[in-house]
Amino acid sequence: MGVADRVSGPGPKVVSERVAVSGNVRGPGACPEGCKGANAHEIAEARSSARRNGYYGRRFGRRLRPGRRRLLEILLPEVLMTLPPEGTRRVDPRPSFTPPPEEVRLEVGFGMGEHLADQAERHPEVGFIGCEPFVNGVASLLRHIEASGLGNVRIYPDDGRRLVAALADASIARIVALFPDPWPKARHHKRRLIQAETLDAFARILEDGGELRLATDHAEYARWMLFCLSRHEAFAWAARGPSDWRRRPADQAETRYEAKTREEGRRPIFLTFRRLPRG
Ligand SMILES: C[S@@+](CC[C@H](N)C(=O)[O-])C[C@H]1O[C@@H](n2cnc3c(N)ncnc32)[C@H](O)[C@@H]1O
């Protein structure tokens, strides 16, 4: 059975804007910043286009093994979430899945994809969209999709904020962002995922009663998250006591970043918010 045959549903129907992720799918090239496997021109291009759009994280890591490159070439197009040209219309994500799921959840910055793959395996009735601009992470999630034959995952291999801006109102049941980059320097705070503008967008795409799940190992970022969310009229903190922010939600798998945090002696904080009913 071929790789593509193992994902049951076809890819999303709405196709016009393709996201360039194939930088290190091709042969090795000289990267001035040590991103082995990508062509220097492609890296520079990806970086400058990303920065023009306000994304500052990394896109490339270690050179990919041939199996992972093959997944990017063959499996990614099958599960790629593509968007109409910016500003033209908003996308209902449900028809992107076959059969249409009971609800759609979104994970922004899935890292190596272990949490998303675990959720998708536990909930075949739910459609999962994962956003991650880091190509090695995308390849890692593709490996999980292939290994477990997951047909209910779609990937947007780019800045999650662009996807969120394109999704239809009240189309998402849960948004998850686990250990988003804390950007600790004050002059970089505007790069943080959690901001008033992003929360407005999250509030727009979440269904009434929908959930926003966050985690961080950075105390100041946790305070920032609580500050931004407490000021936002669409969200209410769901915690009833300290165990709610000290313990990972029971149905949530540990991510690679969380494991590293614990190994290094830091304590993660888990924050869950409810989207309040409209009007
Ligand atoms: C510290 S890592 C945590 C990864 C993973 N959630 C975990 O817990 O292991 C933060 C991740 O967010 C991704 N990221 C950063 N900005 C993003 C954005 N605007 N949209 C989507 N992903 C983003 C990064 O590429 C990185 O993989």
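Two residues are taken to be in contact if their C-beta atoms, placed from the backbone, lie within 7 Å. By this criterion, R266 touches D217 and T261, residues up to four places away in sequence not being counted. The structure is a predicted model, in which local features need pLDDT of at least 70, side-chain atom pairs count only at pLDDT 80 or more, and totals for chains, interfaces and linings use all residues. Residues are numbered from 1 along each chain as its sequence is written.

The chain contains nine helices and seven strands, where helices (H or I, at least four residues) and strands (E, at least two) are DSSP runs numbered from the N terminus. Of the 279 residues in the chain, 38% are buried. A residue is classed as buried if 20 or more other C-beta atoms lie within 10 Å of its own, as exposed if 12 or fewer do, and as partly exposed in between, with C-beta atoms placed from the backbone. Among the contacts in the chain with a separation of 6 or more, 78% involve residues 24 or more positions apart.

The seven strands form an open sheet with mixed pairing, in the order β3-β2-β1-β4-β5-β7-β6. Its edge strands, β3 (153-156) and β6 (235-237), each pair on one side only. From one strand to the next, the twist averages 20 degrees. Two strands are regarded as paired if DSSP finds at least two bridges between them. Strands of a sheet pair through backbone hydrogen bonds, in either a parallel or an antiparallel sense. Strand β7 (residues 269-275) pairs with β6 in the antiparallel sense over three bridges. Within β7, F273 is the bridge partner of W237, and R275 is that of F235. The pairing of β5 with β7 is also antiparallel and extends over six bridges. R213 stands opposite T272 in β7.

Helix α7 (residues 219-231) lies across β5 (206-216), β6 and β7, and runs at about 10 degrees to β7. For such angles, axes are lines fitted to C-alpha atoms, for helices over the stretch in contact, and the values run from 0 to 180 degrees between N-to-C directions.

The largest nonpolar core comprises 58 residues, of which L142 and I175 touch the most other members. Helix α4 (residues 135-148) supplies the largest share of this core, six residues. A nonpolar core is defined as a set of buried Ala, Val, Leu, Ile, Met, Phe, Trp, Tyr and Cys residues joined through C-beta atoms within 7 Å. Beyond its neighbours within four places in sequence, L142 is in contact with L71, L72, L75 and L76.

The shell around the ligand consists of 23 residues, with G109, G111, G160, T255 and Y257 coming nearest. A residue is near a molecule or strand if its C-beta atom, placed from the backbone, lies within 6 Å of it. At least two residues of the shell are supplied by each of α5 (160-166) and α9 (256-263), and α9 gives the most, with three residues. By class, eleven residues of the shell are nonpolar, six are polar and six are charged. In this classification, Ala, Val, Leu, Ile, Met, Phe, Trp, Tyr, Cys and Pro count as nonpolar, Asp, Glu, Lys and Arg as charged, and the others, Gly among them, as polar.

Several loop positions were examined individually. R266 is located in the loop between α9 and β7 and counts as partly exposed because it has 14 C-beta neighbours inside 10 Å. The C-alpha atoms of R266 and A219 are separated by 9.8 Å, the two residues being 47 residues apart along the chain.

Most residues other than glycine have a negative phi, and most peptide bonds are trans. A170, although not a glycine, has a positive phi of about 50 degrees. A170 lies in the loop between α5 and β4 (172-178) and is partly exposed, since 15 other C-beta atoms are found within 10 Å. F179, likewise not a glycine, has a positive phi of about 55 degrees. This residue is placed in the loop between β4 and α6 (196-205). With 20 C-beta neighbours inside 10 Å, F179 is therefore counted as buried. A cis peptide bond, with omega of about -5 degrees, joins T98 and P99; P99 is found in the loop between α2 (66-79) and β1 (103-108).
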